Structure formats: C-alpha cells, structure tokens
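Hello,

Here is the structure I promised to pass on to you. Please open it alongside this email, and then read on for what turned up in it.

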Amino acid sequence: MKYISTRGQSPALSFSQILLGGLAPDGGLYLPETYPQFNDADLTALRGLSYADLAFAILSRFVDDIPAADLKAIIDKTYRADVYAFSRAGQDAADITPTLKLKDNLYLLSLSNGPTLAFKDMAMQLLGNLFEYVLTKEGKTTNILGATSGDTGSAAEYAMRGKKGIRVFMLSPHKKMSRFQTAQMFSLQDDNIYNIAVNGVFDDCQDMVKAVSNDAAFKSEYKIGAVNSINWGRIVAQVVYYFKGYLAVTQNNSQKVSFSVPSGNFGNVCAGHIARMMGLPIDKLVVATNENDVLDEFFKTGVYSPRGSANTYHTSSPSMDISKASNFERFVFDLVGRDSDKTRALWAKVDGGNSFDLNADGYFAKIADYGFVSGSSNHAHRMQTIRDTKAKYEVVIDTHTADGLKVAYEHLDANVPMVVLETALPAKFEDSIVEALGQAPERPAALNGIESLPQKFTVMDASAADIKTFIVKNV
Ligand SMILES: *Cc1c(COP(=O)(O)O)cnc(C)c1O
C-alpha cells in the first residue's frame, strides 16, 4: 500500500515513511492510493472481534511495511482495558469504545475513556507506540513541537510520555486553559515531556511552532516533528471505531447506520468517510459544528470559506473552535474524483485566503453520494441538550457531544440507527456542566485532586528565538 499526496506532486511513499511527517512536500495531505474494501463476508468475519483484533484486521490492510506480528503487538499494547479505563458505570472498559443506548436507534459511542478523557486518545495512543517502534528500528529520535489550547497537547503528552527516542515540547497559553486541563498536562513529571506556558494566546503559541518549522535548517538539525491532526496515522486509527460502532448496533450487514460527528478540523469525520469508502454500510455522516460553522456552510451550499483567527469565536465547545478544517482537503480530493490538479487549484485559493465554490463544476451535486449532511449548534443549544439528555436518559454529556447530539436529532430516520460520537467526557468541561445542570459532573476517581499535584512547566515569552534556545538546551 502506497500513499499519495492530494496535490499530486510528491512521490508515493509507504506507511512508515509518512508516519513521522506532516504535510507532503508539495503541501498536500497523504491518502492511500486506493481504499481497501470490506465486502459482506469480510464484515461478517469482523463480528465478535475484540477492539484490538478488529483494529488489526483493519489497520493491517493499510500497513504493509511493518511485519504483521509487530503490528499486532503494537495494537495489543495500545487498546487495553486499563488504558481506556474511564468508562461509565455499567459499561465494559474491555470494549474500549462501548456504546450507550439513549433510546431505540439512538446511541452514543464512547470514544473518551482514555487517559485524557477525549477521543484524541484513540489515535494518539497508537501513534505513540508506532512512533517508538519506527524510531527504535531506524535508530532515530524526534523532538515533537506542538501548540495546544487543551485536548491535543494532553493527548500527545500522555501518548508519548516515557517513550524512547521521543521528546515533547508543548506550548500552551499561560493561564488560559482550564484548571483541570492545565493539571492534566503540567502534573506529568516524565523527563521527556516539556510543558511551556507562553505569555500570550493560543495563536502566539502556534506562530512560534510555525516559525520553528519554517526554519528548515533548525528543523532538520533538531529533528523537529509534529503530531498534528493531519497525520495519516491518526486518521487511519480513527477508522476502526466506526467499524466497532457499526458492528455494535447491527445484527447483520444489510442494516445501514448513520454517525453524527462533532467536528472542527474534519479529522474525525474524515475517518468516517474513509470507513464508508471501504464498504462499511454507513447511511449518513452528520457533520456537526458549533458557532464556527464553516463546514456546515460548505455542506449546505458547496462554498468553502475558511475564516481567519480574528473571525473564529471562542465557544463552550472549544475543541471545535476552528475555521480552517485542515483535513477537509482529503475529502475534497475524493469528491473531485481524485483529480490532484483540481485539488491543487482549489487550495491555491484557500492558501491565498480565498474561498472556493464547487457548484459550477457539478461536484457539489455529487455530495449526496458521499452521505454527508450537516448542521450547527450554539451555546444555548448545548446547554439545552445537556439538560434534556440528563432529564430524559440520566446521562451527562459534554459540550462537544451535545453539539453532535443536537444536530443528530435534525437528521434522524426511524429505520436507521444513529450513533453520536462522544468526543469528550463531561468531567473535562466542568464549568459548562455546572452552568447547564447546576452541579459538577462526576469525575473518574483516579483524577480526583489532580489540580493539587505538583506541576512541572516553564514560563516563556512568545518568542521563536526563546523556544529554539530552550530546545537546544534540552536535547
Ligand atoms: C478535537 C476535538 C473535536 C474535533 O475533532 P476534529 O477531528 O478536529 O473534527 C471534537 N470534540 C473534541 C472533544 C475534540 O477534542
């Protein structure tokens, strides 16, 4: 299996070759040259498998340059009940992504039972183990540099802590994350984890990362790597739980299922698109946004108008506060018939700060063939959905999942099960839950008191020179 760039001007590479990188050299995103297919018999053979065995059955179709026994061992080490231990009372942690039935044909798929209580652990934990394996094998090391406003940074740190050959330098805006998120990251004492609290906002952190990445000489001398949401390893890991969710709510493969996905960078729902292209009987893929509704606008009109950070709202579902969906190019590449010249022309517009319109070429008319529908949600909807869900089903959901559920209700079909992806546990967004319900959400016992643990971090001004000096000193 080779991987090609959506922009068609980079050589095709193997899985291990693209694993540690980000963008392809031509600025595009990697995709497999074809999607492996699962027919009826293949799907039937997946029924009853454990999460790890299911993951192996799927991922082994995408990875052909890691020996099967090694890949199996990496997957078995990743998807263990004790790693995804924060399941709700009554759920079986061994399911890794248990489903929770709200009512007939309406389910939550719990993707947030990992160490940082958000779905990003599902892929990042695998990435940590894959990185360590590939780096060890090649005798290499990497220094991961990232910026976070909360979920990504903590998922990366918990995935990479203690891993051989990997250091993580994570920038976050000083005193701007929630106390819980700060404690999650800063209480890590591992030698290979460096938390850097930047005097500034998230954009300042991101600018520092960009400045370092744009310094090619520094980047190569200090082996600067990234684990951002365009990483192919993250996308492919996420394909697995669409299969898991599908198999959990169906008896046989003639039943279609819809998924509603709280979306920001389009990484999660892109994995759903790939699962559908592989033959998983998915009816609708519901793209749910918050007030930052660039994707909803596209799926309703065919016009994609990314916005700048000045026009991005800070909302109570902060992990979806994104107005330029970095994985969206992967879907558009498929939508335009995998025409890389076309994709390159479209992103020349986007990268130049402009929008594009897919109506004229007739591409948007094909959108229904891909199952996509959309909707958006706002703060009042989230609060109402959290209250309703508690009142009707005795289930407390977080603000992002509430966006997904709110939009799912707009696309229900009596004959098709709807699975809403639960992308974070409510404990992670305590203040919003208190606002909605007047009481704090339950917190997993193991995380009680996390705010009073000793914290390890370095405060720094928003300066690219300062972060470079810091990296040089610590590698
Ligand atoms: C990252 C994140 C999202 C958005 O996922 P994308 O892959 O960026 O679309 C939604 N909810 C939560 C809780 C997240 O952390």
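Below are notes on the ligand site, the sheet, the annotated domain and the salt bridges.

Please keep in mind as you read that this is a predicted model.

**The ligand site**

For Asn265, a polar backbone atom is 2.7 Å from an oxygen atom of the ligand. For Asn268, the distance from a polar backbone atom to a ligand oxygen is 2.9 Å. Gly267 also has a backbone N or O atom 3.1 Å from an oxygen atom of the ligand. How much of the ligand's accessible area does the protein cover? On its own the ligand has 380 Å² of accessible area, and the protein covers 97% of that.

**The annotated domain**

Next, a word on the record. UniProt, in an unreviewed entry, annotates residues 102-341 as "domain: Tryptophan synthase beta chain-like PALP". In the model, that span is 43% helix and 19% strand, and its end C-alpha atoms lie 45 Å apart.

**The salt bridges**

Side chains of opposite charge can pair when their charged atoms come close. Counting a side-chain nitrogen of Lys or Arg within 4 Å of a carboxyl oxygen of Asp or Glu, the model has 25 salt bridges. Here are some of them.

- Asp53 and Lys72 meet through their side chains, with 3.1 Å from N to O. This pair links distant parts of the chain: Asp53 sits in helix H3 (residues 51-59) and Lys72 in helix H4 (residues 68-78), 19 residues apart. Asp53 is partly exposed at a relative accessible area of 31%, and Lys72 is partly exposed at 24%.
- Asp341 and Arg344 form a salt bridge in which the closest N and O atoms are 3.0 Å apart. The two residues are three apart in helix H14 (residues 340-351), so about one helical turn separates them. Asp341 has a relative accessible area of 49% and is partly exposed; Arg344, at 26%, also counts as partly exposed.
- Lys140 and Glu138 make a salt bridge of 3.2 Å, N to O. Lys140 is partly exposed at 45% relative accessibility, and Glu138 is partly exposed at 40%.

Which residues are linked in a network of salt bridges? Arg7, Glu329 and Asp351 are linked in this way.

**Where to look**

Best wishes

Methods
Residues numbered from 1 in each chain as written. Predicted model: local features only at pLDDT ≥ 70, side-chain atom pairs only at ≥ 80, totals over all residues. Heavy atoms only, no water. Helix = DSSP H or I, 4+ residues; strand = E, 2+ residues; numbered from the N terminus. Buried < 20%, exposed > 50% of the residue type's maximum accessible area, 1.4 Å probe, protein only. UniProt positions renumbered as here; feature names shortened; annotations may be inferred. Polar contact = N/O pair within 3.5 Å; in protein donor to acceptor, adjacent residues only side chain to side chain. Areas by Shrake-Rupley, 256 points an atom, 1.4 Å probe, with all protein chains shown as cover.
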